[in-house]
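Q: Could you walk me through this model, beginning with the ligand?

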Amino acid sequence: MEISITKTTCPGTLPEASTLGFGKVFTDHMFIMEYNAEKGWHDAKIVPFQKIALHPASTVLHYGSEIFEGLKAYRTLEGNVQLFRPMENIRRMNRSAERMCLPQIPEDMFLEALVKFIDFEKDWVPSATGTSLYIRPFMFGNDETLGVHSVKNATFVIITSPVGSYYKEGINPVRIMIEDEDVRAVRGGTGEAKCGGNYAASNRAGERAEKKGYSQVLWLDGVHRKYIEEVGAMNVMFKINGEVVTPMLAGSILPGITRKSILELLRKEGYKVSERLISIEELAKALEEGTLEEAWGCGTAAVVSPIGELCYKDKKYVINNGKIGKLTQHLYDTLTGIQWGRVEDQFGWVYKI
Ligand SMILES: *Cc1c(COP(=O)(O)O)cnc(C)c1O
């Protein structure tokens, strides 16, 4: 693939690690390429970070044709840069594209664009503990007409943002509100696609939870409002009676790469793991009987986020005395260890730039 390069004339500098938040600072450049039905993907380029001009009738602005991915580049102690399971993100983006009638990106083309772009911006990968370069590939439908149909034109972009440590003040368990009014997704809908619209639709519940002092919502299934789905932008797992349980992937849940990695890790370590339906009654019962030992959310941003309290219909349940559990800590240490190159990668998950 040919990628034309235009360097910025006013390069920025990587901010001090302690001032990095999430997604506020962007690197000097971005990757962008265009698609149309005749030419396929074309005009791949790395250009100075800049605004994108859109036709006012552009599909994405009216009908929400947008999908995205999220992964990170990590700097090892030796100073090298590496990715974590990038092929998983590439394949998931193509599955999201299929669901939203957006064009596929050939895997090798996507990987080449990603690797070349990260290599180009590698000085922006911070090195302080817990920091990384967040990578946000996204694609949107860009037909310049108001007709409703699957798109003939699309734009694919990769932007990158140095991000701070998710746990600056140590790993504090979060308080989660179980949402029993709004739902995030239903089977057959777009729940298993990483698309922008899912987020727009979940903000209302998130705001209500925040007002009540909770950091995120735990979604129930859209049909019965009875079975656990996921937490905000994370998948969710529980340790009940020594066994790790997590909702199975049945169409409404986002198939997280962190989720997949944790399940593979646990199975390798000989833990009992099951992917199945988990009802809110089962959880409440386990909480009352004291068999719910640990709970955590998992996703690329936080890796593992212990849950210290669940609130359901104004009833509060404290988990593990509001402290991080042993297994939660172990999973966090192992995964972050592999990602930053401090723990041997026995799975072949690391991709060196
Ligand atoms: C991205 C995302 C996750 C986590 O996926 P990872 O691949 O582990 O980062 C979970 N739930 C939702 C809704 C997401 O968008």
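A: A residue counts as near a molecule if one of its heavy atoms lies within 4 Å of it. This is a predicted model, in which local features need pLDDT of at least 70 and side-chain atom pairs pLDDT 80 or more, while totals for chains, interfaces and linings use all residues. Residues are numbered from 1 along each chain as its sequence is written, and side-chain values use heavy atoms, leaving out hydrogens and water.

Q: How many residues surround the ligand, and which are closest?
A: The ligand is surrounded by 15 residues, and the closest are Lys194, Tyr199, Glu230, Thr258 and Thr300.

Q: What does the side chain of Glu230 do there?
A: An N or O atom in the side chain of Glu230 is 2.6 Å from a nitrogen atom of the ligand.

Q: And what about Thr258 and Arg92?
A: With Thr258, a side-chain N or O atom is 2.6 Å from an oxygen atom of the ligand, and for Arg92 the distance from a side-chain N or O atom to a ligand oxygen is 2.8 Å.

Q: Changing topic, which strands does β9 pair with?
A: Strands, which are DSSP runs of E with at least two residues, numbered from the N terminus, pair if DSSP finds at least two bridges between them. Strand β9 (residues 174–179) runs parallel to β16 (residues 303–312), joined by 4 bridges, and β9 also pairs in the parallel sense with β10 (residues 216–220) over 4 bridges.

Q: Which residues are partners?
A: Arg175 has Glu309 in β16 as its bridge partner, whereas Met177 stands opposite Val217 in β10.

Technical notes. A polar contact is a pair of N or O atoms within 3.5 Å; within protein, one must be able to donate a hydrogen and the other to accept it, and residues adjacent in sequence count only if both atoms are side-chain atoms.
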